[in-house]
Amino acid sequence: MAWYPGAQKLELQPESNDQAAIIPTQFIMHSIAAPWTPRRTYEYWRDSTNLESHFGLGYDGSIAQFIGTQTRADANYRANLRPDGTGAVSIETASNNDATDPWTDAQVEQLIRLGVWLHQTHGIQLRVCRTASDPGFGYHRLHSDWALGGSTDCPGNARVSQFKNVIFPSIVARVTGAQEPTTPPTTPTTPTAPSRRRPGAYRAIGV
Ligand SMILES: [Zn+2]
């Protein structure tokens, strides 16, 4: 199993020992709908649910890894472990309770760095996943097979925009040596339409 050198290791047991191996072919980004530190996210996985992500990311850019990237984690429904042995690496990121705020600059930077490491370590392909099983990079709501019940807003509109315009292009740029896109300032966004999900449902359906 592989552990990211840039993360604090907070190993989640018994999942880390007991869950099946995967060949990581995707990286899927989430918002956890709570303003949690990585340690608080670890405690939530440990104490309150059978679900878990591989990584947790705080607002300040602090990052922790809970499970090796070649072990199944359960944040992505059908992408967790496919019949061919491939699966997705997942990260849950601190957000406001409705997951409507943008990632902070520190979060954006860490997502880029982790994406580069996943490409270099596991050969995750430098493209946005075209289908639910296509190797590459994505965010939770990109494909319905990645969410229990087929529907989620995660990680929120502002973060989907950041993924498309900054994070994914910057991962590609750092790997290939091309010029990175300019990071737009993360000004507060005007609240948008209310979330489809009812309050509190987010965590229950598997973030
Ligand atoms: Zn999610």
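Two strands pair if DSSP finds at least two bridges between them. Helices (H or I, at least four residues) and strands (E, at least two) are DSSP runs, numbered from the N terminus. The model on display is predicted: local features need pLDDT of at least 70, and side-chain atom pairs count only at pLDDT 80 or more, whereas totals for chains, interfaces and linings use all residues. Residues are numbered from 1 along each chain as its sequence is written, and side-chain values use heavy atoms, with hydrogens and water left out.

**Stop 1: the sheet**

Begin by selecting the strands. They form an open sheet of 6 strands in the order β1-β4-β3-β5-β2-β6, with mixed pairing. At the edges are β1 (8–9) and β6, each of which pairs on one side only.

Select β1 together with β4 (residues 63–65). These strands are parallel and share 2 bridges. Show K9, and then find its bridge partner in β4, which is Q65.

**Stop 2: strand β2**

Next, select residues 23–31, which make up β2. A residue is called buried under 20% relative accessible area, exposed over 50%, and partly exposed in between (1.4 Å probe, protein chains only).

Which strand is joined to β2 by 8 bridges? It is β5 (residues 86–93), which runs parallel to β2. To see this pairing, display I23, which stands opposite T86 in β5. The pairing of β2 with β6 is also parallel, and it has 4 bridges.

**Stop 3**

Select residues 105–122, helix α3. This helix lies across β2, β3 (55–57), β4, β5 and β6, and runs at about 170° to β2. Axes are lines fitted to C-alpha atoms, for helices over the stretch in contact, and angles run from 0 to 180 degrees between N-to-C directions. Contact means heavy atoms within 4.5 Å.

Helix α3 has 18 residues and reaches 26 Å from its first C-alpha to its last, close to the 26 Å expected at 1.5 Å a residue. The expected span is 1.5 Å times one less than the number of residues.

Now colour the buried residues of α3, among them V108, L111, L114 and W117. The buried residues of this helix pack against β2, β3, β4, β5, β6 and α4. Just after the helix, G123 takes a positive phi of about 70°.

**Stop 4: inside helix α4**

Move to S170, which lies in helix α4. Is S170 buried or exposed? Its relative accessibility is 1%, so S170 counts as buried. Apart from neighbours within four places in sequence, S170 is in contact with I112, E180 and P181.

**Stop 5: helix α2**

Select residues 38–48 to show helix α2, whose buried residues are P38, T41, Y42, Y44 and W45. Seen down the axis of α2, these buried residues fall within an arc of 160°, so they line one face of the helix. The arc is that of the directions from the helix axis to the C-beta atoms.

**Stop 6: the loops**

In the loop between β2 and α2, select A33. This residue has a positive phi of about 60° although it is not a glycine, and at 2% relative accessibility A33 is buried. Continue to A99, in the loop between β5 and α3. Its phi is near 55°, again a positive value in a residue other than glycine, and A99 is buried at 4% relative accessibility.

For a cis peptide bond, display Q13 and P14, where omega is about 10°. P14 is in the loop between β1 and α1 (15–18). The peptide bond from C154 to P155 is also cis, with omega near 10°, and P155 lies in the loop between β6 and α4.

The loop between β6 (136–139) and α4 (157–176) also holds S151, which is partly exposed, with a relative accessible area of 38%. S151 and R141 are 10 residues apart in sequence and 7.0 Å apart in space, C-alpha to C-alpha.

**Stop 7: the cysteines**

Finally, select C129 and C154. C129 is buried at 3% relative accessibility, and C154 is buried at 0%. How many disulfides does the structure hold? There are 0, a disulfide being a pair of cysteine sulfur atoms within 2.5 Å.
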